Amino acid sequence: KKNKPVNKPYTSFKVDEKLPIVDEPTSLDYKQLLQDYELNHGKPLKSVNRRKNSTEPKVDNCPHCNAPREYIYDNNGSKGQYLCKVCGNTFTKNKSKNTLLYKCPYCNRALDKVKTRSNFSIYKCRNNNCSFYQNNLNSLSKEEKQEYKDNPGNFKLHYIYRDFNFTLKNLKSNTPNRPKVDLARAHNSLHTIGYILTFYVNYGLSSRVVSRIMNDIFNIKVSHQTVINYAQA
């Protein structure tokens, strides 16, 4: 069994290898759909026949075909989901007309948006039969499977995609001053720098402890400030 780092403080930044499948919504016109319905059925499509005590949907139009409110059902008992009688699509109140649909590249199931941050949104595949999830689950040891059962939040087994909402132009304008050290011109070799960053980043050791390790084990003198400079660079 391979040795694993005892501390992984940066696992939340892990990026999955495959990008999601992106489906762009087709542009629908409710007026054309109504004409097609009347042509195929020989009669116009009636608006929603609401019961006396039923509530009006809290939306004005369908985001898929722009059908007005009179063709929209309250699809799940005032819990926020609606159904358009014209195009047959379901939607929620805050769904944008141009929303992209992200699908898992392993099982083709639609991804759910699980978190929204200031600069990105997190999408997750919740399909327990997904090959990506099953492979990760089967790779766990007996002890890890028990821990996963007790604390599932400590594991990232499902496919996850982060959709960032900033541009390279925004990144450039927000980039801080250049670091003190240019790694291409560093006095130590990239191999040595790799060891330093492994101890400092992957294992979460302090810069002073890393400095002592490099001196005691590798006989390489590196100040704790140099460790910090390498990490910033």
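This is a predicted model: local features need pLDDT of at least 70, side-chain atom pairs count only at pLDDT 80 or more; totals for chains, interfaces and linings use all residues.
**Exercise 1. Classify the ring pairs F132 with Y159 and Y195 with F199.**

Solution. A pair of aromatic rings is described by two things, the distance of the centres and the angle of the planes. The structure holds 11 aromatic pairs. For F132 and Y159, the centres are 5.9 Å apart and the planes stand at 90°; an angle over 60 degrees counts as edge-to-face, so this pair is edge-to-face. This pair links distant parts of the chain, with F132 in helix α2 (residues 131-138) and Y159 in the loop between α3 (142-150) and β8, 27 residues apart. Both F132 and Y159 are buried.

For Y195 and F199, the centres are 6.4 Å apart and the planes are at 20°; since that is under 30 degrees, the pair is stacked. Y195 and F199 lie in helix α5 (residues 190-202), four residues apart, or about one turn of the helix. Ring pairs also join Y195 and F199 with Y203 and F218 in a cluster.

**Exercise 2. Are Y195 and F199 buried, partly exposed or exposed?**

Solution. Compare each value with the cut-offs: buried means under 20%, and exposed means over 50%. Y195 has 34% relative accessibility, so Y195 is partly exposed. F199 has a relative accessible area of 18%, so F199 is buried.

**Exercise 3. Trace the salt bridges of D23, D112 and D182 to their partners.**

Solution. The structure holds four salt bridges. One of them joins D23 to K103, at 2.9 Å from N to O. Because D23 sits in strand β1 (residues 21-23) and K103 in strand β5 (residues 101-103), the pair ties together parts 80 residues apart in sequence. D23 is partly exposed at 27%, whereas K103 is buried at 17%.

D112 meets R126 at 3.2 Å, N to O. D112 is in strand β6 and R126 in the loop between β7 and α2, 14 residues apart.

Finally, D182 meets R185 at 4.0 Å, N to O. R185 is exposed at 75%, while D182 is partly exposed at 37%.

Note on methods:
Residues are numbered from 1 along each chain as its sequence is written. Side-chain values use heavy atoms; hydrogens and water are left out. Rings of Phe, Tyr and Trp (its six-membered ring) pair if their centres lie within 6.5 Å; planes under 30 degrees apart count as stacked, over 60 as edge-to-face and the rest as tilted. Helices (H or I, at least four residues) and strands (E, at least two) are DSSP runs, numbered from the N terminus. Buried means under 20% relative accessible area, exposed over 50%, partly exposed in between (1.4 Å probe, protein chains only). A salt bridge is a side-chain nitrogen of Lys or Arg within 4 Å of a carboxyl oxygen of Asp or Glu.
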